[in-house]
Structure formats: C-alpha cells, structure tokens
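This report describes one residue and one interface. Please look over the sequence and the structure first.

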Amino acid sequence: MKTQSFHRLVVYSFLVVAALLFLAPMYVMLVTSFKDADQIRAGNLMSLPTSMNWSSWQLAWEQACTGVDCRGLRPYFWNSVSMAVPAVLISTAWGAINGYVLSMWKFKGSDVLFGFLLFGVFMPFQVVLLPMSQVLGYLHLSSSVGGLVLVHCLAGIASTTLFFRNYYTAIPGELVNAARLDGAGFWRIFWRIVIPMSTPIMMVTLIWQFTNIWNDFLFGVAFSGADSKPITVGLNNMANTTSSVKNYNVDMAAAVIAGLPTMLVYILAGQYFVKGLTAGAVKG
Amino acid sequence: MKKLEDLLPKLVVAPGFVFGFAFIYGFMIWNGILSVSNSHMLPNYSEFVGLDQYARLWDMDRWYVALKNLGIFSSLYVGGSLILGMVLAIFLDQKVRAEGFLRTIYLYPMALSFIVTGTAWKWILNPSLGLEKLMHDFGWSSFSFDWLVQSETAIYCVVIAGVWQSAGFAMALFLAGLRGIDDNIIRAAQIDGASLPRIYWRIILPIMRPVMFSIILVLSHLSIKSFDLVMALTAGGPGYSSDVPATFMFTMSFNRGQLGLGAASATMMLVTVAAIVVPYLYSELRSKPHER
C-alpha cells in the first residue's frame, strides 16, 4: 500500500508541476500587463504588480503605436472580426455541402477527387502566396478585407470538406435511402435530415475555422494593406517596433487582447475544440 | 427531370472543386512557372531561365542556414512535443482527479496564435529583464540566459515556445488513443507480474504506434510551414541566423524583390511536405473502401 501512495504522489506532483509550467506564460503576460515601467524594472517576471495599472490596456487598445500609426489595436481587431466572421461562415457552409455530396451522393471518381482535395489540408501556403497576390490584383481585391476573406475561404475548403465528409460517412445510408424512397430530393434531404444532425460537426468546424482564421499571420502579412491588417499583424508590428523604450506592459496587454477571442471560444466550447483538434489530425 | 436530379450533386460540388483545385494545383503550377522564370521585382512570364533560380538557391549560404534551422527545429519540436505529450497523457491516464481541468490547462496554448505566444515568449526569454532576472532574484546570480539574441542559439528559443504550444495537442491525441485500449490487456499483464513502466513500454506504446505516427505527421508538416512563431520571436534574426525556409521565402519574395527565388524556395517546401504527406494520404484512401 505504501508504494501505491508513493506512486500517486509522483503522478500528482508531475502533473501539477507541468500545469504550472503551462500556465506560467499566461501568468507572466497578465502580471506584466498590470505593471508600470518602474515595477517592470524593479520586479521580475513572476512578481505581482505592486499596484494595479490599467493604463497599458487602454494604451494597447487605442493609443499604442505601430510605426507612425498610433491608433492602438482597435482598428486591427475590427479588421479581424470583419474578416473572420464571413470567412468562417462561408467556408463552413461550403464544406457542409461538399461533405454531403461526397458521402451521400457519391459519383464515379468522387473518392479520387476528395483525395486530391485533401492535399490542400497539408500543403504549405507559401506556394500560393505569389500567384494569389497576383489574382487578388486582377480582382482589385489587393490590400482589402474582402481579399483576405476570399483567401481564407479557398484555403479552408479542404479542411471543412474533410470534417463534414468524415462525419456524414458515419451516418447510416438507410436513412437517406428511406427519405429518397419517400420522394425527398437532394436539397430536401440536406435541409430536413442532414443539417439537423450536423450540430456537433458544425461546432467543431466553426471553432476550427475561427481559430485558424483569427490566428492567421501569413496571409494577413502578405495580402493586407494599411486599412485591412488583421490583429496578428497589428500585434506583431507593435511588439517589434524598434523604439528606444520598450513598453512590455503594453505589448503583453496587446497580446492578451489578440488572444482573447480564441481563448473565450476555447473556454466556452472546450470539448468541441478538443474534438476539432483530433478531427484535424485526419482520423480516417 | 430525372437527368437533372442525377446531375444536381455534381453541379453542386463543381464550383467548390474548381476553385479548390485552382487554389491548390493551379497555384502550385503557377508557382512552378514563376520559379523557372527570370522574375525579380515583378513576375516576368516572357523570359524563362530553366533551373537557374534553383541553382542560385542551392548556392546561397542563407538557404543552408534556413535548412539547418529547419532540421534543428523540426526534430526537436516534433520530438519534444511528442515525448512531453506522451508522458503527460500516460500520467493523466492514471485515473487522476481533476483530469478535465488539467487537460484544459495543457491544451490552452493551442487556442492562441503563434504571434501571441511568440510575443509572450520574447518577453520571457528577454536577456536582461526576463528569465535571467528571475533567477538572479532567486539568488542564482551567475545565471545567464541570452539565447534569444545569440545567433547560434536563437533557433532553440523557437523550439521552446513551439513545444510549449504543441505538447498539449500531442497529449490530446495520445490520450484519445490510450482510452481506446482495453483495460483487460493491462490487467492481464499485471497478473503476469509485469511492472507498470514495463507494460507501457512493451505493450501500450507498440499499440499506440499509429497514433504516434499521425502526431508526427501533423507536427512535422506544421514545422515545415512554421512562419509565425519565428517571425514573432526572432524575425529570423539576429541577422538571418534563425531563418527557416518559410521566412526565407517571405523575405526573398516580398522584401528583397526576388520573386523567382522565392517561388523556387516555396517549391522546395512543397516537395518536402509532399514527400511526407502523399504516401500517408495514399495509404489512408486506399485502405478506406475495405473498412466500410
């Protein structure tokens, strides 16, 4: 029995120490954001702020400078919102329809097509950067939020199709066949039978797409202009601005603001988020 | 009427596939064309130079630095996340209390963008005010940690932040796999007198090989694409000492006006990812029809 409780002790101490290490950067971000410059110099990473200083949050949100632009993160935040909302909705709807056809209305060659589409989940987007920037130019969508929405829809279609297709394949075919015998057509089956059963995978896909699109940096930095930069680009520019005095408290407040939407989604819909992660790993 | 009904599914997916394939394969070919063209500031579709851009690429010291960094980063990032995730999952699987709570903590970095975590880690790894000062305050006055600003070590800082971000993902996949194992196997082995570490090493880990394989697949393709974390932490610096192919490609294409060279480096990234992923996708799709 002695060794048993020793085992438990080892297990729990390891897990708790690991948890503290995982939490440490978030703790550091938060305490630093509440310190003023003197407290940062006097204290250390882990020390608590001696007085709560909210001004860095306000600075980060509406006054901090990135280069010569001193409007804080606010415009970038709203750019990200107006980019992510349509891109997430369109790419999810698109994936649902593709997945529905590829699982329930298979045609000759549909599995092969699906296989070729799947490579889109893995391919390095560096390959599409140069052609895409030219296409956006032709379409007069360069440096606009609309251009970013288009890119994210195209880039997301492979993953969203994969999620829905794998989910719908698990639905018994008899259900659809019975509906077909009753005279229900393509769209009727989709709206009345398939969509009402899709809530779990819909959640997974929405969360997955939202996290990816909100967190994207590559497309943001390559395709956005002065008025369409998403928040990741804004944060990076702010934190990497080379000025004489580094305002770490403002940088940390800005980092927390940039991470807040996805963190909220994770906290509110954590179990779906985990499902999204495991689904993202291409589980046949 | 019957005819339309038969055609409808195909018509409905057609636009998605046309645009999707144009995005994936059309752009792949387009990028290939750029990589054999004499493009500098602007794309140049009238002058083709064969494999000159590739020859230039493989002649550049900076490209070798990027490849070496990718090698260091990939192996340590994938290996570190896998091992840490595996250990966390095995410990979590010991019927502990507050499992859901702990799992949530290990996974939350995954919700954040690499830019956010890069900004945070940049502050933590800051040579004068960050970790170093903390250790000095603890009384370890000779402690020095300036990896982030040293050209030989900056890439290891990227590894630290990367493992912190992705270990939870490996843990989640591994834990899901462990939950699928029949308890009776473990019980039978225990009756035979096998110790717990031995059971894991000899029985559980071999069963988990497919899970490990998918974790390695996902993380290694992520490591080849990794761009954000390097940009946020070091921006490829000092100098270009922590460049990886993804940052190399971006710098050449968008800052240096070397579109052809950038396209060539993107092709190299594509080939590397394809070499890892295509065999996997092929076997996955081949085996599927028999299962269902």
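Which backbone oxygen does the side chain of A:Ser110 reach? That oxygen belongs to A:Phe107, and the distance is 2.9 Å. The model behind these values is predicted.

## A:Ser110 and its setting

A:Ser110 lies in helix H5 of chain A, which covers residues 110-122. Is A:Ser110 buried or exposed? A:Ser110 has a relative accessible area of 1%, and because buried means under 20%, it counts as buried. The picture for A:Ser110 is thus a buried residue in helix H5, with its side chain at 2.9 Å from the backbone oxygen of A:Phe107.

## Extent of the interface

How many residues of each chain take part in the contact between chain B and chain A? Chain B brings 93 residues and chain A brings 91 residues. About 8,200 Å² is buried between chain B and chain A, and carbon and sulfur atoms give 78% of that area. On the side of chain B, the residues B:Phe23, B:Tyr108 and B:Trp123 supply 9% of the area that this chain buries against chain A, more than any other three residues.

## Contacts across the interface

Between chain B and chain A, 17 residue pairs are in polar contact, with both residues at pLDDT 80 or more. The number of salt bridges found across this interface is zero.

## The side of chain B

Helix H1 of chain B, residues 2-35, gives the most to the side that touches chain A, with 20 residues. By residue class, that side of chain B divides into 67 nonpolar, 13 polar and 13 charged residues.

Definitions and conventions. Residues numbered from 1 in each chain as written. Chains lettered and ligands numbered in written order. Predicted model: local features only at pLDDT ≥ 70, side-chain atom pairs only at ≥ 80, totals over all residues. Heavy atoms only, no water. Helix = DSSP H or I, 4+ residues; strand = E, 2+ residues; numbered from the N terminus. Buried < 20%, exposed > 50% of the residue type's maximum accessible area, 1.4 Å probe, protein only. Polar contact = N/O pair within 3.5 Å; in protein donor to acceptor, adjacent residues only side chain to side chain. Contact = heavy atoms within 4.5 Å. Buried area = accessible area lost by both parts, 1.4 Å probe. Salt bridge = Lys/Arg side-chain N within 4 Å of Asp/Glu carboxyl O. Nonpolar A, V, L, I, M, F, W, Y, C, P; charged D, E, K, R; others polar.
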